[in-house]
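This briefing concerns aromatic residues and their surroundings in one protein model. Please consult the sequence and the structure shown here before reading the points that follow.

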Amino acid sequence: MSTAPLLIEVLSEELPPKALQRLSESLGEHLRTGLTTAGFVAVDAPSHINFATPRRLAVRYPQVLDHQEAREVMRKGPSLQAGLDAAGKPTPALAGFARSCGVDVSALERIQDGKAEYFAFRSRKPGESLDDHLATLLADALKKLPIPKVMRWGAGEAQFVRPVHGLVMLHGKRVVPGSVLGIESGRSTRGHRFQGKSPIEIAHADSYEALLEDEGKVIANFATRRADISRQLDAHARELGAILSDPEGLLDEVTALVEYPTVYVGRFDAEFLQVPQECLMLTMRQNQKYFPLLDASGNLLSAFLIVSNMRLADPANVVNGNQRVVRPRLADARFFFDQDKKTPLEQRLVELERMVYHNKLGSQRQRVQRLRSVGAFIAEKLGVDAMIVDRAALLCKADLATGMVGEFPELQGIMGRYYATHGGDAPEVGQAIEEHYRPRFASDALPERGASAAVALADKLDILVGIYGIGLVPSGDRDPFALRRHALGVLRILVEYEVPLGLYDLLVKARDGFDAAVGLSESVAFDLVGFIMDRAIGYFRDLGYSVEEIDSVLDLYRQHDLPIDQLVPRLEAIKRFRTLPEAASLIEANKRSRNIVAKEKVADTAHAVAPKLLTEAAEQSLHAALCEVRPNVQAHMEAGRFAEALQALSRLRDPVDRFFTDVRVVVPDEALRNNRFALLNQLNHLLNRVANISRLPA
């Protein structure tokens, strides 16, 4: 039994570039799991190396056994009750089990499993060869890859994401025999289609990467190839005195399209720079996979970078070819822009009447009217210019009817700003039109304060209420309308801009904008508060708060429509409260008192306490302390000094401790019992003004 590196390579036709890295990582992990489970790779063995190019998925494991270690196998048979009769003789069931093991009953042993005792047989199974298992393990790993749609090729029955033409299974110097996807294993691979050698014979698994690069002109390691492209892009940008525009967004895809990358500089006519640069950049990136270049002020240059799959001494043909290809793309963008400018945005509102937003929620024009209504409500509450908000809400979807957005949906909002400004609208209107889609993703910038934030809130609230209200609730990984993202967007705007509005009121206002015939769920506003608060957990964890602290504050927000701008101050207050020496005692008292009233099914109301019924010194002391502390806590709460309110509550620790030590709450006398329940309810209400502290660990 010996170890050697194991190389697996599946050679295919061009793999989907956006999925290449994920397929590569998945293959490496699934196959490693199979090899480890089968006993060919140790659990603590060094990590494997993934390789991925447009035409191959490969992986190398540094230490793989050629044979499994011999292992003990135990077969469990009948229980003692089923295996022995009343006289203690073997039953037919036990005799049959022994025969199946090839031994006499006397060779069986007894084992304890839970409360029962069983007969069992232990044997040693010799280790099997890697040759007996590898093809099956690889086939199983390939079936587990995240491939949404497989294809078949030729006359065989094999299925994979693309037709497969080669298979390498090399253990050290030795080919491991086997067939996967209808291909027999070997040691032969192929290099670059035009610049590399084919076939290439791999002498040893460890020589794979260097051999492919030297003879095949293929950089097999995805990360190495990506770093090489990034280095070349940076070097060319520096030479041109330019800045790369968001290279990370395209780098992975381009890396998955080439095997032997070289970066060249291309240029286009400067006259195209009259078109909004977002249009030109998008068509270059999306259609041609070029990297646009910006000057120091962020303005687009008439030069771009090409990542070619050819390393040539004279790249003139490659560069000229790419420059010829990009020109008609840029010309199309200029045509759409020039045509769109001929029709003012407001005149396109008629077209929105024919554009269905959702078959149950009406047209885009109806949606615009709802956004105007909610936007006006938000503008009034925040003191924002209502005319700017109304104009932006009216026009914010009009660019959906333009040729440019029809061709490039990613430009919605951006083109609306250009067309609004061209039509004479105030810059603030154009800005709000563009930014009302923000944040588009978790780490995206927020819309600017004021009109932009108001329209953005209106837009996201309308989406949440409408889509959620007709029952299209996200489940598992499915969220086709991105409700989770919109919920987080609403939360971020309200929290980060410290908007003093309640979430429930905003959702009710958005719900009221829908026609009754739509049939929204009656509880949609209440349900969405919980949905958005669930999104808040991860958001606040990223800000450094513990799950318990978040849960204690959000529990209050699920029950009451509190201003969102108080969320972070309440979290900060709870964080400070937990450091107080009195905190644990008050938390425990809150838990205990809530448990008592819950067990006795006492209504959670703050009924007045009758002082004349306070017969015990400890309850009199607690009532006096509550009366003394309550005004101070109330003053701090009204001023938003939540940490100070909790600090004031710390004075209750001693009377609370004495109460639970000396006073029996549930007594036969109904009047005394109810009075003590009222005292506990008052204590709970006061302790939970900032957050539900019973959710905190004591």
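Arg 311 is placed over the face of Tyr 260, with 4.1 Å to the ring centre. The model is a predicted one.

**Aromatic pairs**

- The structure contains nine aromatic pairs.
- Among them, Phe 337 and Tyr 419 form a stacked pair, because their ring centres are 5.9 Å apart and their planes meet at 25 degrees, under the 30 degrees that stacking requires.
- This pair connects distant parts of the chain, with Phe 337 in helix α9 (residues 316-340) and Tyr 419 in helix α14 (residues 414-422), 82 residues apart.
- Phe 337 and Tyr 419 are both buried.
- The pair Phe 540 and Tyr 545 is edge-to-face, because the centres lie 6.5 Å apart and the planes are at 70 degrees.
- Phe 540 is buried at a relative accessible area of 0%, and Tyr 545 is buried at 7%.
- Phe 268, Tyr 290 and Phe 304 are joined into a cluster by ring pairs.

- Tyr 437 is located in the loop between α15 (427-435) and α16 (451-469).
- Tyr 437 counts as buried because its relative accessibility is 12%, and the cut-off for buried is under 20%.
- Leaving aside residues up to four places away in sequence, Tyr 437 touches Cys 396, Lys 397, Leu 400, Gln 412, Gly 413 and Lys 460.
- The side chain of Tyr 437 makes polar contacts with the side chains of Gln 412, at 3.0 Å, and Lys 397, at 3.5 Å.

Note on methods: Residues numbered from 1 in each chain as written. Predicted model: local features only at pLDDT ≥ 70, side-chain atom pairs only at ≥ 80, totals over all residues. Heavy atoms only, no water. Helix = DSSP H or I, 4+ residues; strand = E, 2+ residues; numbered from the N terminus. Buried < 20%, exposed > 50% of the residue type's maximum accessible area, 1.4 Å probe, protein only. Contact = heavy atoms within 4.5 Å. Polar contact = N/O pair within 3.5 Å; in protein donor to acceptor, adjacent residues only side chain to side chain. Phe/Tyr/Trp six-rings, centres within 6.5 Å; stacked < 30°, edge-to-face > 60°. Lys NZ or Arg CZ within 6 Å of the ring centre and 35° of its normal.
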